[in-house]
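Please prepare a brief report on this protein model.

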Amino acid sequence: MADETARLDAVRRYAVGNTVPEAAFDSIVTLAAELLKAPVALFSVIDADHIWFKSRHGLQLDHMDREPGLCASALFQDQPWLVSNASKVAAARENRLIREFGMNSYAGVPLAVKDGVRLGTLCVMDRNSREFPTCEISILKNLASLIVDRLELRLSASEAADAAAKATKDREAALQRANQLVRDGRLLAAIVQSSQDAIVSKDLNGIVTSWNRAAEEIFGYSAAEMIGQSITRIIPNDRLEEEIYVLDNIRRGQRVEHYETLRRRSDGKLIPISLTVSPIKGDGESVLGASKIARNITERLDNENRIRALLREVNHRVKNQFAVILSMIRQTGKRAQDSYQFETKIRERIMALARSHDLLVSHDWRGAPIADVLKAQRETFNRSDRITASGPSVMLSPMAVQYLGMAFHELGTNATLYGALSAGPGTVEVAWTIIHRNGVQMLDLKWTETGVPAHQAIAHAGFGKTILERITPTALGGTGTIIRQNDGLTWHLVAPLFLLESETPDATLAP
């Protein structure tokens, strides 16, 4: 019961229950249906009494009662929940999707977010009885991980926005309490001096009469430098009308509600502040002057900018992933001889892309060294101990990691099937260096295979050749050339270093 309560809390926290569709999730669900050739695909969310279909393909139904047999059963399985023939499974046979919509086979993968909590499933269904091979389940798991990544990034952005809103609300509440103390005449000097907000008082002519320690830190002027001086000393020339407006309201005994503006520090730097101004009243409600409470909001604005940048980056990354995968599907489909070859090739290429994605996640998406990109792909090659690597440390950008990873995958696959890693004593040497060409630093990288038996086919034409000679070099702003020798081949990549490097340096050295 406690675990189910925690799970339902997570469903509400991730905001995926009874909510509007989202294009990013719709694209993943559609991709699942296309890759597994299934008429129906769903991103389901299991609530207390309902199953919500956050995204759906091929089914005009946004929710149903929570029933066992399909999604509600898949949620609590340690392995993918597979039903090849619903008529032979009692729980599935009574499910509404089986009874009313004619579904007869089902494959579902639980969507486990942080801490292992499961929100729902990514599933596909067919009206015919069918088995789901391992390669299709692998594709379904990879697409499910894309949904989970999107959910985690969206939650992080939402929590950051909530924290910023709470901080603003707390600040405004604190300012209201402080101004109440001013009106009551009970704002003690000790509280003023210990406040982290600038608390300043002035007369009706704008001459400063008090200046606390926080004001000294925020504006850079000491109390001795400001008391007796006009407050306009810290107001930029293009905002002097604000002081006229404030003093007019104060003379009428009216409070100037919270607003955000700019003020100038003693060093000339403009800083954003949040400001509230209240009248100081004496006996008989006569107005003697004004109190100002100001807070430096530079950090808050920086946080808001980071949140917006994060949302833009999330959107950019998801679109890039879809573009690369769709390109793979199109190009692989053009060259596949049959459906089995298509499924095998597209699975291998998506897994290669996933390895680059995992590498970027481990480096917080700052990028990764060339040596690590090669290592991530090399682990899946046949006879990978015959591959050597050498070169200076170069920290690649996320974009370069993905495209160079694709190239290494195609080279390794070709070498395993036809080249140096297929048979005999063949070896592969991967070496890179930095050269100068017309005053520009260039990455010069070579993948060299030697010792290939003479009867073996080398670098046959196909999508792999397109990646090596066109897609990867074009994406990196350089050139890629395949050079055939009698006993092997060389892939030679030359690209501008400034287009490849990550902005964050890394000290990782090549093995």
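What percentage of the residues in the protein is buried? The model is a predicted one. Of its 511 residues, 48% are buried.

**Overall make-up**

The protein has 16 helices and 18 strands. Its accessible surface is about 24,500 Å². Carbon and sulfur atoms hold 52% of that surface. Contacts also reach across the sequence. Take those between residues at least 6 apart: 61% of them join residues at least 24 apart.

| Strand pair | Bridges | Direction |
|---|---|---|
| β9 and β10 | 7 bridges | antiparallel |
| β7 and β11 | 6 bridges | antiparallel |
| β10 and β11 | 9 bridges | antiparallel |

T261 has I273 of β10 as its bridge partner. I273 in turn has N296 of β11 as a bridge partner. For S201, the bridge partner in β11 is S291.

Is β11 largely enclosed or largely open? Of its 10 residues, 7 are buried, so β11 is largely enclosed by the rest of the structure.

**Aromatic pairs**

A pair of aromatic rings is described by the distance of the centres and the angle of the planes. The protein has 4 aromatic pairs. One of them can be classified directly. The ring centres of F25 and F43 are 5.3 Å apart, and their planes stand at 70 degrees. Planes over 60 degrees apart count as edge-to-face, so F25 and F43 form an edge-to-face pair.

The two partners come from distant parts of the chain. F25 belongs to helix α2 (residues 23-35), while F43 belongs to strand β1 (residues 40-46). The separation is 18 residues. Both F25 and F43 are buried.

Elsewhere, ring pairs join F381, F408 and W447 into a cluster.

**Cysteines**

How many disulfides does the protein have? The count is 0. C71 shows how this comes out. The nearest cysteine sulfur to C71 is that of C123, at 3.9 Å. A disulfide requires cysteine sulfur atoms within 2.5 Å, so C71 is in no disulfide.

Are C71 and C135 buried or exposed? The cut-off for buried is under 20% relative accessible area. C71 has 3% relative accessibility, so C71 counts as buried. C135 has a relative accessible area of 18%, so C135 is buried too.

**In brief**

F25 and F43 link α2 to β1. The disulfide count is 0.

Key: Residues numbered from 1 in each chain as written. Predicted model: local features only at pLDDT ≥ 70, side-chain atom pairs only at ≥ 80, totals over all residues. Heavy atoms only, no water. Helix = DSSP H or I, 4+ residues; strand = E, 2+ residues; numbered from the N terminus. Buried < 20%, exposed > 50% of the residue type's maximum accessible area, 1.4 Å probe, protein only. Contact = heavy atoms within 4.5 Å. Areas by Shrake-Rupley, 256 points an atom, 1.4 Å probe, with all protein chains shown as cover. Pairing = 2+ DSSP bridges. Phe/Tyr/Trp six-rings, centres within 6.5 Å; stacked < 30°, edge-to-face > 60°.
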